[in-house]
Amino acid sequence: MEARLANALAQYSDALAHVGSAPNTQYADYVARLKTFELHLWFGKPAQLSPPACARLGWACSSEDMLSCAKCGSHLCVKIEESLPEDETDSLVAEFTKQLSWAHSSSCSWRFTSNPSSHSSFPEAQTTLQATTKRMEALASATNAIGGTDLNVSASAVMKFLSENPRVLDFPSNFPDSIVALGICGWEPLSYDPLDVSDDSGDSDASDATATAVTTALECQHCGIRANLSLANNTSDLPPPAKKSRLSIDTAPPSSPPSASLPPFDPIESHRYYCPVVTSDENEDQNAGWKICCKNLQVPPPLCSTKDILEKAKDVIELVH
């Protein structure tokens, strides 16, 4: 009896310590787990088993269809065959959803607690003018560090949405559209150890094989995706072809190196599908993080136009008479 009571008290204390940890630490740990859900390891899962849903309950993706808890060492294989009938699939999903909590060991705090659902939403503090401007300044600084002012970014969608209403008076006007679009869409310069050569670039659209010689590394802190961006209109010379060996009997001239040009980077579509920058728990497009950022940078439209106010005043006068 005493052993069971001691075990229960230990679980309760662990859970309290978990809940009482700093919010910033909780969110950082959540994002670190979220980054493990690579597309080739975790795919074809319903919303109940999405990467955010699993990461909020302490799970990281250790291999294909496999979840692991670093706290208690538990593992959970979540494999759903596509050939199953719909009713069996629904039943299996419901069981796996329960196991997200109960598959942890009896002494693991994740069995009783979870990260708040707000962790899978775009943080409100990141949508303010001050926070967005700070990202733009960091992006501009990183771009200047590689000898340019503008990046190869497709900014038309963001700028079109941003132009629907006048911008606030404090909106910075000294940044090119590419920097504005990246800052609104949550991209930040990547801080990394240059001695770390491990390949943890996720499923970024820009690979080292196709990146140009002059690039800057960016990252989204909310879904962990990374990308290498080149300067806009980059005309830097490509490295010369290797010299022909004297032992070669090939008399044909060396072929020209392939073009290093890359298509413009899409700051919206390049996020992972579950990133709060591009989606929301309500599945309403208007609540996507980047659109909320835009709205916070715009002057809100008046509730009624001047014409509507005059017409209402005219109706009131007619009623009085």
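In strand β6, R226, N228 and S230 point one way, and A227 and L229 point the other. In a regular strand the side chains alternate between the two faces of the sheet. Residues on either side of β6 are buried here (under 20% relative accessible area; exposed is over 50%, partly exposed in between; 1.4 Å probe, protein chains only). Because 5 of the 5 residues of β6 (residues 226–230) are buried, the strand is largely enclosed by the rest of the structure. Strands are DSSP runs of E, at least two residues, numbered from the N terminus.

The model is predicted; local features need pLDDT of at least 70 and side-chain atom pairs 80 or more, while totals for chains, interfaces and linings use all residues. Residues are numbered from 1 along each chain as its sequence is written, and side-chain values use heavy atoms, without hydrogens and water.

Strand β5 (residues 215–220) pairs with β6 in the antiparallel sense, over 5 bridges; pairing requires at least two DSSP bridges. A217 stands opposite N228 of β6. The β5–β6 hairpin has 5 residues between the strands, and G224 takes a positive phi near 80°.

The structure holds 5 aromatic pairs (Phe, Tyr or Trp rings, the six-membered ring for Trp, with centres within 6.5 Å; planes under 30 degrees apart are stacked, over 60 edge-to-face, the rest tilted). The rings of Y273 and Y274 have centres 5.1 Å apart and planes at 85°, so this pair is edge-to-face. Y273 is partly exposed, at 49% relative accessibility. Y274 is buried, at 7%.

Technical notes:
Helix = DSSP H or I, 4+ residues; strand = E, 2+ residues; numbered from the N terminus.
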